[in-house]
Amino acid sequence: MAVLYKVRSLLHLSKCIFTTRISPRRFYSAQVSSQFETVGFIGLGNMGSRMANNLIKAGYQVAVHDINCNAMKRFSDIGAAAKETPFEVAEASDVVITMLPTSSHVYDVYTGPNGLLYGENLLPRLFIDSSTIDPQTSRKLSTIVSNCTLKKQKEDHWKKPAFLDAPVSGGVLAAEAGTLTFMVGGSEEAYMAAKPLFLSMGKNTVYCGGAGNGSVSSAAKICNNLALAISMIGISESLALGQSLGISASTLTKVFNSSSARCWSSDSYNPVPGVMEGVPSSRNYDGGFASKLMAKDVNIAATSAKEVGLRCPLTSQAQEIYTELCEDGHETKDFSCVFRHYYSGKKEI
């Protein structure tokens, strides 16, 4: 079942004062960082495991929970202690971060039996959700957390627990390198307190809105992933057309990356096998961002567009493509496999 990991601090923050940036990690003063000495992290998938590992490297004591026994073992192998429920993780942590696949997973971890909010008297002063979920769920969780009370009062200004919606961009490669971008919604005070945490896992933070507007960052993340989903289809289709016209994918990629077609899908996450090393297309589209997760995000975007009455024809087309990709058995492959499935003439992946 779930496991709590408590890892000895590699570099105790109270003894370290950094005012300059150290790439790829960034540290703030010990006074700010020491607000959260113990960090709970729930969700050890492709993204979460790397984010949690970077927190450990930064010197935080980390309590980790996941339903995947293999993921838990990888952390226990470095000498971790164990806890069995999200609630027990919360009891041992100053702040809890969640990184989960869907809105329902996040809501269940917060409000389910032995969830983070079990009993409504909380030890953590701050809850951060870095999952990509719908704005409605984010808004609901923010309200629920704001109505809870702290079980213990420390000698600081925290009177009630706070909630930050903080989805990320950059993918698995950025999670590994500690170069993620965090889009953060919630109170500015909580955002500033959590900034050292974010910069232990990433290189950029964007504050998207004040108290009560945590859902704004969820909306920003959905729009970002929609643009990525559509651009990946466009790059895949263009590279396939170029190959059909006698231009190699490598040559055309050089053209794109020196011209107006340049984008993340062409210069950092190229979908054509053999063009770029270290990306999913170089390893049969294993790892990376699963097609089922991209389909989920595009579905959220389509639903959001419908709710506000906005006509989005490209969103509808992308929704059909990624849904079909999953239905054809490629839901666990990286979403860039859209190139091979639709454009290379090879249906098997």
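Buried means under 20% relative accessible area, exposed over 50%, and partly exposed in between (1.4 Å probe, protein chains only). The legends below describe a predicted model, in which local features need pLDDT of at least 70, side-chain atom pairs count only at pLDDT 80 or more, and totals for chains, interfaces and linings use all residues. Residues are numbered from 1 along each chain as its sequence is written, and side-chain values use heavy atoms, with hydrogens and water left out.

**View 1. Salt bridge between Glu176 and Arg50.** The structure holds 5 salt bridges (a side-chain nitrogen of Lys or Arg within 4 Å of a carboxyl oxygen of Asp or Glu). In the bridge of Glu176 with Arg50, the closest N and O atoms are 2.9 Å apart. Glu176 belongs to helix H7 (residues 171–177) and Arg50 to helix H2 (residues 48–57), so the pair ties together parts that are 126 residues apart in sequence. Helices (H or I, at least four residues) and strands (E, at least two) are DSSP runs, numbered from the N terminus. Glu176 is partly exposed, with a relative accessible area of 45%. Arg50 is also partly exposed, at 25%.

**View 2. Salt bridge between Arg262 and Asp267.** The N to O distance between these side chains is 2.9 Å. Arg262 is exposed, with a relative accessible area of 51%, while Asp267 is partly exposed at 26%.

**View 3. Salt bridge between Lys333 and Asp286.** Here the N to O distance is 2.7 Å. Lys333 sits in the loop between H13 and H14, and Asp286 in the loop between H11 and H12, so the pair ties together parts that are 47 residues apart in sequence. Lys333 is buried, with a relative accessible area of 13%; Asp286 is partly exposed, with 37%.

**View 4. Aromatic pair of Tyr110 and Phe163.** The structure holds 10 aromatic pairs. Rings of Phe, Tyr and Trp (its six-membered ring) pair if their centres lie within 6.5 Å; planes under 30 degrees apart count as stacked, over 60 as edge-to-face and the rest as tilted. The ring centres of Tyr110 and Phe163 are 6.0 Å apart and the planes stand at 70°, so the pair is edge-to-face. Tyr110 lies in helix H5 (residues 103–111) and Phe163 in strand S7 (residues 162–165), so the contact ties together parts that are 53 residues apart in sequence. Both Tyr110 and Phe163 are buried.

**View 5. Aromatic pair of Phe289 and Phe335.** This pair is edge-to-face, with 6.1 Å from centre to centre and 80° between the planes. Phe289 is in the loop between helix H11 (264–267) and helix H12 (291–308), and Phe335 in the loop between H13 and helix H14 (338–343); the two residues are 46 residues apart. Phe289 is partly exposed, with a relative accessible area of 23%, whereas Phe335 is buried, with 1%. Phe289 and Phe335 belong to one aromatic cluster with Trp264, Tyr269 and Tyr322.

**View 6. Negative surface patch of Glu320, Glu324, Glu327 and Asp328.** Patches are made of residues with over 30% relative accessible area and no salt bridge; like charges are joined within 9 Å, nonpolar side chains (Val, Leu, Ile, Met, Phe, Trp, Tyr) within 5 Å. Asp and Glu count as negative. Asp328 lies in helix H13 (residues 313–330) and is partly exposed, with a relative accessible area of 40%.

Notes. Areas by Shrake-Rupley, 256 points an atom, 1.4 Å probe, with all protein chains shown as cover. Charge placed at Lys NZ, Arg CZ, Asp CG, Glu CD.
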